[in-house]
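Please look over the sequence and the model below before reading on. The briefing that comes after them is meant to be read alongside the coordinates.

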Amino acid sequence: MTRVRRSLWAAKYLKPMLQRITGKPGWSVKLHALPGGITPASHKFMSLRGKIIHMPSGKIPLPAQLILPLRQHSGPDSVPVVCVGDYVYKHQLIAEAVGAQGVCLHAPSSGVVSSITFSLPAINPPRNPERSWQQSLTERQLAIVIDTDGKDAQLPGLAAPIITRWQQQSPTDLLQAVFNAGLCGLGGAGFPTAIKLGSPAIHTLIINGAECEPYITADEALMQEHAAEVIEGALIIQRICGARTCVIGIEADKQEAIAAVQQAIRQFDSSAVAQQSNLSVVLVPPIYPSGGEKQLIRIITGIQPPSGQRPVDVGVLCHSVATARAVYKAVATGEPLVSRVTTVTGHAMNAPANVEALIGTPVSHLLAHLGVDDTKMERLLVGGPLMGYLASDLDTPVLKTSNCLLAGSDQDINRVASDKAPHRDCIRCDFCASVCPVTLQPQTLYFAARHQRHEASIENGLFDCIECGACAVVCPSHIPLVDYYREEKSIIRADNHSGQQKYWQSLFEKHQQRLTITAVDQQQRKLDKLQHKLDAIAAGESLSKAHQPEAPAPIAAKSAEQIKQEIAAAVARTRARKVELQNKSEDNQDSGQ
Amino acid sequence: MNLVNHRLSSPFLKPVYSVPGIMAAVLLALIPAAICYTWFFGIGFLINLLITSVFGLLFEALVMRARGRPVFFYLGDLSILVTAALLSFALPPGSPWWIAASGIFIACIFGKHVFGGLGHNVFNPAALAYVSLLILFPLQMTGWYLPGSGNYAEAPIDPLSMNGIFTSLQLSFPWLRDMALTPFAVTPDGFATATPLIEYKFAAPARLLMAESDGFTVWQRDARTGWEMLAMSFALGGLLLLWRGIISWHIPVSVVGMVFLLSTVFYQPGQEAIFGSPWLHLFSTSTLIGAFFIATDPASAPSSAMGKVIYGALIGAAMYSIRIWGSYLDSVALAILAVNMCSPLIEQVTARTPLGHPSRLQRSLSVWRKTK
């Protein structure tokens with residue numbers, strides 16, 4: 001048995017205490033406890049041996065094709081502004097943002113648009129709230145495919161204006177520059193950065209350098225090599241959102257990254273901006289999932305946004321270091337988001353490394369040039385082993401949100417238990433509750449989700465679950481807990497949708513029913529009137545006189561018999577009409593049932 | 001890449017714990033106590049353990065067959081062996097084989113499978129089986145037939161000698177007596193009337209003191225001084241479980257703390273025969289096996305930390321009350337069964353609120369404000 005749960009208290013309490021005593025870089029501010037969490041084996045050293053490999057280089061050349069899905073963020077698809085056969089330059093806008101949560105898309109390299117098609121690599125961020133997780137596993141989406149020409153040519157006029165003195169620019173201009181660069185959160189969720197930055201009343205900015213998931217080192221390598229860019233990006237973000245303080249949270253076991261960031265801050269200290277910015281580095285405990293957005297905010301500030309609200313609603317903005325660096329690039333060099341640092345790792349790789357990969361590069365291209373052992377590789381994961389998703393195809397492109405490509409061997413990945421494999425019953429050991437970072441009771445939630453008691457699920461915080469997977473990792477019965485939660489979530493979402501449909505349908509049916517009833521009543525009233533007339537005739541009263549007292553009474557020319565016949569005909573007609581209507585409404589009810 | 005029989009969604013990390021692993025850890029933690037028990041009270045314990053284990057596996061397999069489940073998959077969780085081991089600690093060594101067999105039958109069927117199997121049981125199966133046996137077979141369950149025990153001056157047979165072993169076998173399987181391989185020499189012991197789960201009320205302290213004045217020490221192999229050693233070995237096993245993270249500290253600490261608190265409050269020096277000393281309550285009785293092994297059964301205990309503390313404190317209070325003011329000799333198993341019944345309620349009342357939700361206090365305050 002490994003030390004996943006047992007060493008937790010040491011990571012939480014003992015190490016910080018020791019570091020305070022020994023004076024090593026420790027907790028610089030008072031931290032708030034993260035409930036739960038696990039400490040799995042990190043495997044991070046594998047991909048940290050060398051420097052970041054840049055992409056159009058001797059080691060990894062340009063791929064022949066770049067596949068750029070139109071949706072790499074959480075929001076609606078971007079709309080292509082190029083046609084098949086167009087020649088596009090590097091950094092040229094190829095798809096425009098639409099809707100409130102749109103993000104632009106740029107060409108990572110020059111070449112010809114060969115097709116705009118449903119790309120074979122069918123991937124999508126699986127946590128897209130609009131889709132159920134099963135859908136997102138099998139979904140195919142529209143992508144622009146560029147056949148590169150190898151020139152990497154950039155049309156000078158196309159480049160966005162470089163903002164050299166960003167300190168003097170207005171936040172609105174800077175925000176526009178960020179929007180034009182097509183930025184979305186690079187940490188994994190892919191929320192459009194410009195929208196997040198535009199939120200009002202932000203008092204604290206947190207730069208997330210707590211890359212807590214095993215295997216992933218993209219942010220760590222970035223901080224080691226480009227700390228100055230990260231810091232400057234953070235300052236730009238702070239200028240845009242107007243936060244009073246800026247905190248960079250880094251996991252305490254990333255010593256080199258901490259040193260690099262602290263040195264970069266010292267270099268900035270001389271400038272006036274840095275002195276105003278109230279910039280500090282905070283070491284957070286190396287516990288999974290301390291790098292989750294809400295979790296990091298809670299650790300650093302103690303603020304817990306109410307259920308269903310985002311952190312920006314309570315005035316805290318959180319961005320990953322990768323996003324901060326992309327903001328720097330967008331503003332200070334005018335370069336749109338066309339590449340990102342991705343960790344290519346796993347025990348199936350001969351040389352795991354961090355790669356500054358062009359967006360759209362097929363994964364197989366990266367794997368081939370870094371050396372993959374096909375016989376060892378069991379699966380390819382995009383993202384880490386705890387929150388990543390499965391790439392169904394090796395031609396999957398690198399997306400804006402792909403922070404890790406894990407070519408997992410038998411050693412890395414749980415290959416035995418499939419989603420459908422029988423698992424043991426829950427023994428209510430509460431291991432899951434002790435590791436849940438949201439203080440859910442996963443065992444209670446599991447029973448509610450499994451038996452589809454939707455109200456109980458929601459009451460127990462189903463939609464607060466961040467699907468971090470800690471509960472499923474420690475479950476001794478090997479219950480795929482997160483799968484149950486995902487399924488329950490998608491069922492409830494689908495129910496809500498069909499519930500609305502049912503509501504409108506019922507309104508329509510009621511309306512129809514009311515119309516029928518009114519029509520039948522109308523006919524009944526007519527019948528009553530005619531009957532009244534008949535009675536009047538039988539009583540010997542003059543109809544024409546009763547109804548038209550002042551007219552010269554042309555009807556009086558008709559005999560009483562004639563009038564009786566006419567009335568009888570009208571009664572027959574009306575009766576027939578009423579019966580017809582009633583039959584019709586019964587038919588409707590029958591078919592309705 | 002072969003997609004069949006693989007996980008399709010995260011997490012892809014290998015699981016850390018397993019049910020067989022947890023059960024094996026509990027079994028390992030019981031080894032010190034098993035050695036201690038055998039050393040002090042003879043081979044009869046091991047015979048009981050064997051009978052309960054074999055019959056337990058048999059009944060479990062039959063039930064699983066009847067329920068149409070994969071037999072070996074469910075036998076592999078080892079839970080029935082833990083139940084068997086705990087039950088055999090509660091049985092008097094030297095009781096006939098059918099006591100052990102019917103005990104494990106009750107534990108398996110009525111303790112576990114009528115509720116839906118492992119994880120669904122309301123009561124701890126071992127405690128339930130033990131209390132049922134006590135009611136069904138009071139004579140056999142309170143008799144203490146032990147080679148070498150009894151009045152130590154008159155008991156010449158060493159329980160671990162060949163003679164002792166044969167006598168133990170004859171006790172467990174009465175038909176062996178007819179074969180008359182060895183002379184059958186057993187003195188029924190009026191002193192103990194006890195299994196480790198039955199407290200021998202408060203005649204015992206006097207006997208203990210007497211044994212000590214006679215020159216017996218705790219290391220000497222004698223029934224009266226073995227109790228402390230046994231309690232210590234249970235505590236040792238419990239600490240192993242705590243260290244490995246199999247059980248949390250809440251239940252053992254609250255049970256032991258409550259018993260200690262009550263026994264200290266009510267203790268009057270010189271009145272050991274009525275109230276007993278805290279030492280006696282903790283170490284000369286079965287408090288520790290209850291606190292570390294039986295009350296911590298996760299299926300029948302609440303799961304939140306606060307719930308566990310309340311649950312443990314209730315068990316401690318019930319133990320002490322039954323012992324002092326109750327008329328039953330046994331307290332631990334009865335106390336645990338009684339509080340097991342409260343467990344779902346405790347679970348519901350102490351369910352913790354997810355982060356970002358209003359706390360229980362805030363919710364009740366808002367309700368109160370509205371009604372006002």
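Predicted model: local features only at pLDDT ≥ 70, side-chain atom pairs only at ≥ 80, totals over all residues.

**Chain A overall**

- The secondary structure of chain A consists of 18 helices and 17 strands, and of its 593 residues 54% are buried.
- The accessible surface of chain A amounts to about 26,300 Å², with carbon and sulfur atoms contributing 53% of that area.
- When contacts in chain A are taken between residues at least 6 apart in sequence, 75% of them link residues that are at least 24 apart.

**Helices α1 and α5 of chain B**

- Helix α1(B), residues 19–29, and helix α5(B), residues 79–90, have axes that come within 9 Å and cross at roughly 20°; because angles under 35 degrees count as roughly parallel, these two helices are described as roughly parallel to each other.
- The crossing of α1(B) past α5(B) is left-handed.
- On the α1(B) side the contact involves B:M23, B:V26 and B:L27, which meet B:S79, B:L81, B:V82 and B:A85 of α5(B); by class, these residues comprise six nonpolar, one polar and no charged.

**Helices α5 and α7 of chain B**

- Helix α5(B) also packs against helix α7(B), residues 125–136, at an angle of about 35° and with the axes 9 Å apart, and this crossing is right-handed.
- From α5(B), the residues B:T83, B:L86, B:L87 and B:A90 make the contact with B:P125, B:A126, B:A129 and B:Y130 of α7(B), a set with seven nonpolar, one polar and no charged residues.

Notes:
Residues numbered from 1 in each chain as written. Chains lettered and ligands numbered in written order. Heavy atoms only, no water. Axes fitted to C-alpha atoms, helices over the stretch in contact; angles between N-to-C directions. Helix = DSSP H or I, 4+ residues; strand = E, 2+ residues; numbered from the N terminus. Parallel < 35°, antiparallel > 145°, perpendicular 65-115°, else oblique. Left-handed = near helix turned anticlockwise from the far one by under 90°. Contact = heavy atoms within 4.5 Å. Nonpolar A, V, L, I, M, F, W, Y, C, P; charged D, E, K, R; others polar. Buried < 20%, exposed > 50% of the residue type's maximum accessible area, 1.4 Å probe, protein only. Areas by Shrake-Rupley, 256 points an atom, 1.4 Å probe, with all protein chains shown as cover.
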